[in-house]
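Subject: Handing over a structure

Hello,

Here is the structure I promised to pass on to you. Please have it open while you read, and my notes on what was found in it follow below.

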Amino acid sequence: MPQFTGKAMDLSFQRALEDAIRQAMIHKAEEEHGTLTSFEVTRIYAERNAGQGFNVLQVEIEVQ
């Protein structure tokens, strides 16, 4: 299954998920008769930038 990673600069889960879904929908639209029928969140994580706190949330999804 294709995997997509959405990011949100403000640690917003909803924005990161929407970003990943948007990427998946664009990818599926490029396929013939491609539609996004379901997705599964496989990973949620944040990475710490040098000297700063956590400020970027990432959400990985797999789509069908």
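A word on terms to begin with: a residue counts as buried under 20% relative accessible area, exposed over 50%, and partly exposed in between (1.4 Å probe, protein chains only). Leucine 11 is partly exposed because its relative accessibility is 40%. Leucine 11 sits in the loop between E1 and H1, and its phi is near 60 degrees, a positive value in a residue other than glycine.

Please keep in mind that this is a predicted model, in which local features need pLDDT of at least 70, side-chain atom pairs count only at pLDDT 80 or more, and totals for chains, interfaces and linings use all residues. Residues are numbered from 1 along each chain as its sequence is written, and side-chain values use heavy atoms, with hydrogens and water left out.

How confident is the prediction? The mean pLDDT (the predictor's confidence in each residue, from 0 to 100) of the protein chain is 90, and 97% of its residues reach 70 or more.

Now the overall layout. The protein chain has one helix and three strands, running β-α-β-β from the N terminus on. Helices (H or I, at least four residues) and strands (E, at least two) are DSSP runs, numbered from the N terminus. The C-alpha atoms fill a box of roughly 45 × 20 × 15 Å along the principal axes. Of the 64 residues, 30% count as buried. With contact meaning heavy atoms within 4.5 Å, 53% of the contacts between residues at least 6 apart in sequence join residues at least 24 apart.

Next, the inside. The largest nonpolar core has eleven residues: Phe4, Ala8, Ala16, Leu17, Ala20, Ile21, Ala24, Leu57, Val59, Ile61 and Val63. Strand E1 (3-8), H1 and strand E3 (54-63) each give at least two residues to this core, and H1 has the largest share, with five. Such a core is a set of buried Ala, Val, Leu, Ile, Met, Phe, Trp, Tyr and Cys residues joined through side-chain atoms within 4.5 Å. In soluble globular proteins, nonpolar side chains tend to be buried together. Beyond its neighbours within four places in sequence, valine 59 is in contact with residues including Phe4, Ala16, Leu17 and Ala20.

Leaving out residues up to four places away in sequence, lysine 28 touches Gly34, Thr35, Leu36, Val63 and Gln64.

What about the other end of H1's residue range? Phenylalanine 13 lies in helix H1 and is partly exposed, because its relative accessibility is 36%.

Finally, glutamate 47 is found in strand E2. Its relative accessible area is 46%, so glutamate 47 is partly exposed. Setting aside neighbours within four places in sequence, glutamate 47 is in contact with Phe54, Asn55, Val56 and Gln58. The C-alpha atoms of glutamate 47 and threonine 5 are separated by 13 Å, and the two residues are 42 residues apart along the chain.
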